[in-house]
Amino acid sequence: MEIIRLEKVDKIYKDHGIPVQALKEINLTIDKGNFVVIAGPSGSGKTTLLNIIGSLDVPTEGEVFLEGENITHRKKSELSTIRLRKIGFIFQAYNLLPVLTALENIEFSMMLLGLPDKERHKKAMKIMEELDIAELANKKPNKMSGGQQQRVAVARAIVNDPLLVLADEPTANLDSKTANSLLDLMQKMNEEKNITFVFSSHDKKVIDRAKKLFILKDGMIVNGNGS
Amino acid sequence: MFFKMAIRNLLRNKRRTLIVLSSIIVGVAATLLYDSINAGMINQMLVNQINSYYSHIQIHKQGFNDNKLVTSYIPDYKNVEEVIQKQDYVRNYSKRVIAFGMLSSANSSAGISMLGIEPGNEKKVSNIYKMIIEGKYLSGKSNEILISKKMAEKLEVTLGDKVVAMAADINGKVNSELFRIIGIYRSHTAEFDKVFVYVPIENARTILGLGDNVSEIAIITNNSDSTLSYKKQLVSAMKNAGVESNEVEVSTYQELLAMIMYLIDIWKQTSIIIYLIIALAVLFGVINTMLMSVFERVNEIGVLMSIGMRNSGIFRMIILEAFMMGVVGTLIGFGIGVLIYLPLSNNGINLGMYSESMQTFGLNNIIYPALDSNVIINSIFIMPLATAVGAIYPARKAMKLQPTDAMRHV
């Protein structure tokens with residue numbers, strides 16, 4: 001079942017007034033339950049593509065479809081709601097909110113959804129136990145290791161049962177052992193819960209686990225037609 | 001969680017928050033004290049005028065207030081008096097005769113406003129009897145006179161001395177009467193002390209040839225705040241009793257003391273201006289603080305946007321942080337202001353060193369600050385509002401961030 005489809009997506013942004021083509025004629029489809037990796041060297045457009053898939057950015061040309069619906073020209077507020085309800089994000093620098101504890105970080109997006117205190121607390125604790133991070137519940141990010149923070153970030157990304165989780169170079173700041181452990185975790189979530197993951201990475205450990213791989217070079221998919 | 005987050009965000013840079021908070025605390029406490037002292041002064045000015053002479057409502061012949069002629073006595077005052085007696089909001093009233101003339105001693109003379117009063121009733125509508133500093137209040141016997149300390153000094157007389165009062169009667173004939181000084185008073189108003197003397201009403205009537213007429217009836221009501229409504233009721237009752245409104249004039253103290261009421265208005269407006277000036281200073285402090293706070297958190301704001309927080313949520317979050325600073329600062333400032341205010345309102349502020357100036361404005365030496373609803377409303381609402389308004393610009397800046405750009409921000 002198709003979740004995301006990009007049709008002839010171009011992205012041109014201006015760098016100090018000079019137009020730079022970040023993406024060129026991208027056609028891509030991602031199906032439910034997939035474990036997709038978008039690989040490529042630095043500057044190839046991986047993050048830009050991930051941002052467009054995640055509706056954090058809009059294409060200059062082309063169309064983006066989410067569950068068959070064209071979301072290219074949706075209002076900012078509508079895109080916020082889409083991100084809140086349907087997309088989870090994992091970032092290279094973890095990006096947990098520093099003033100909140102691990103538990104509160106996980107609860108935060110549920111609060112935005114308007115879930116009652118008790119329900120979101122229960123849900124957050126459950127996911128923390130599943131990811132084996134329950135003991136971090138009351139710790140703030142500055143008291144956690146990088147690997148622990150990234151596990152909390154994973155919990156935050158999947159707690160609302162999103163349609164897909166986008167992970168932008170999630171292992172880049174982690175040592176090999178921690179990175180593998182984190183990838184094991186995400187693979188487990190993919191297999192057991194059928195959560196769709198889309199990674200941008202040039203890390204071999206990530207690429208090796210891909211069920212589907214897109215290789216980007218100079219803003220273009222160079223391995224096949226993107227389907 | 002929003003509140004928890006806002007508090008924690010404010011505590012991230014304690015020193016910066018404390019600086020803004022201090023400016024709010026000092027601003028609220030200082031303006032509360034300034035305002036309460038002002039309110040106390042103006043209340044005192046008003047109360048002194050009401051208690052020393054004006055009372056809550058005065059009744060005269062129509063036109064008396066514009067031209068105080070001896071011939072302008074209240075027509076058929078007994079009918080008016082009957083109406084007054086029937087009003088349940090009238091606590092006390094007293095009849096007066098007013099004459100303008102001259103008071104002479106063996107050494108000097110001075111122009112006077114002679115108030116012929118019923119000593120017993122007058123005690124219930126004014127507190128002139130409390131202002132006696134030498135001798136005693138009128139006993140009710142004839143030919144007793146009460147003069148001010150200032151007048152005594154001018155006429156070079158003292159208790160027990162004789163003085164002669166002269167005034168033109170209703171036919172224009174100048175009459176005189178010998179009085180013995182029985183008491184010397186000192187009111188809170190220098191201008192009042194310069195001219196007012198008190199004599200028994202019968203003596204005043206004799207000098208003026210008024211028969212048993214009166215020039216003025218002073219009324220104290222049950223509630224000084226309702227005088228305008230009482231006036232309407234009284235006018236209507238008098239009309240029903242056959243007293244024509246074009247013959248008798250009913251005036252409230254607000255009308256009689258127009259200058260003081262005007263001062264109260266000016267004070268209210270000035271105090272709002274002062275609040276706004278302080279609020280403006282706080283507002284710029286808040287703009288600066290919240291802008292720094294937003295710029296420090298660009299990356300976090302990007303994350304919040306990416307996980308689905310709407311722009312309106314970002315806006316509310318920034319406003320809430322500033323508003324909380326405003327509320328906390330206001331509560332502490334208000335608390336400190338009240339803590340300073342309480343002993344001052346009980347013991348007063350002694351401004352005896354400015355005694356003469358104070359008396360010129362009808363004030364006592366000791367001022368008792370007063371917390372009226374105006375002061376409380378100004379103190380409580382203006383600062384939180386100012387902080388919230390001050391956060392609008394930084395909040396709009398935060399809203400305009402693009403999540404992708406914001407998350408790249410280091």
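**Contact, sheet and helix pair**

Guide: In this predicted model, the contact takes 20 residues from chain A and 15 residues from chain B.

Visitor: Which elements give two or more residues to the side of chain A that touches chain B?

Guide: By class, that side of chain A is made up of 9 nonpolar, 6 polar and 5 charged residues. The elements of chain A that give two or more residues to it are α2 (76-86) and α3 (102-113).

Visitor: Which strands of chain A stand at the edges of the open sheet of 6 strands?

Guide: The order of this open sheet in chain A, where the pairing is mixed, is β6-β7-β8-β3-β9-β10. Two strands of chain A have a single partner strand each, so one side of each is left without a neighbour in the sheet, and these are β6 (87-90) and β10 (220-221).

Visitor: Which residue of β10(A) does K217(A) stand opposite?

Guide: Strand β9 of chain A, residues 212-217, pairs with β10(A) over 2 bridges in the antiparallel sense. Within β10(A), the residue opposite K217(A) is M220(A).

Visitor: How are α10(B) and α15(B) oriented to each other?

Guide: The axes of helix α10 (residues 258-296) and helix α15 (residues 392-399), both of chain B, come within 8 Å and cross at roughly 20°. Angles under 35 degrees count as roughly parallel, and therefore α10(B) and α15(B) are roughly parallel to each other.

Visitor: How many charged residues has the contact of α10(B) with α15(B)?

Guide: From α10(B) the contact takes I287(B), M290(B), L291(B) and V294(B), and from α15(B) it takes Y393(B), P394(B), K397(B) and A398(B). By class, this contact has 7 nonpolar residues, no polar ones, and a charged count of 1.

Technical notes: Residues numbered from 1 in each chain as written. Chains lettered and ligands numbered in written order. Predicted model: local features only at pLDDT ≥ 70, side-chain atom pairs only at ≥ 80, totals over all residues. Pairing = 2+ DSSP bridges. Helix = DSSP H or I, 4+ residues; strand = E, 2+ residues; numbered from the N terminus. Contact = placed C-beta atoms within 7 Å. Nonpolar A, V, L, I, M, F, W, Y, C, P; charged D, E, K, R; others polar. Axes fitted to C-alpha atoms, helices over the stretch in contact; angles between N-to-C directions. Parallel < 35°, antiparallel > 145°, perpendicular 65-115°, else oblique.
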